[in-house]
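Visitor: I'd like a close look at one single part of this protein. Could you pick a helix and walk me through it?

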Amino acid sequence: MAAVLLTGDVSQLRATGLARGDDWRSAAACQDADPDLFFPVSGSGKSLEQIERATAICTGCPVWRSCLAFALRTGEVHGIWGGRTEEERRKPAASAELH
């Protein structure tokens, strides 16, 4: 039986349906970063520095397209995914970047 990668915190674990190592998240540049970095509380003030640091990690990530596609496919409304903020993902250009 293959190990299944679980995501979420202890109170919200959920199976991805992919074997560990087959999930794009296992190759993500952010996997060792503090998850809070990718969920700024606003789009202004000190949060702008947080957004800049998070997107800098995404810039060098080999799986940013998969991350962005996941967020768009699942309707993720919070956080930075694939180097794009919530506002940036709402724009039609976000989907166009995947092609």
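Guide: Here's a walk along helix α2, with a quick look at the chain around it. First, a heads-up: this is a predicted model, where local features need pLDDT of at least 70, side-chain atom pairs count only at pLDDT 80 or more, and totals for chains, interfaces and linings use all residues. Residues are numbered from 1 along each chain as its sequence is written, and side-chain values use heavy atoms, with hydrogens and water left out.

The protein chain has four helices and two strands, in the order β-β-α-α-α-α from the N terminus.

Now zoom in on α2, which covers residues 64-74. Trp 64, Cys 67, Leu 68, Phe 70 and Ala 71 are buried there, meaning under 20% relative accessible area with a 1.4 Å probe, protein chains only. Because these residues cover an arc of only 155° around the axis, they sit on the same side of α2; that arc is taken from the directions from the helix axis to the C-beta atoms. Here's the general idea: an α-helix has 3.6 residues a turn, so residues three or four places apart point the same way.

And what do they pack against? The buried residues of α2 pack against α1 (46-59), α3 (86-90) and α4 (92-96), where a contact means heavy atoms within 4.5 Å. Zooming back out, buried residues make up 29% of the 99 residues in the protein chain.

How values were computed:
Buried means under 20% relative accessible area, exposed over 50%, partly exposed in between (1.4 Å probe, protein chains only).
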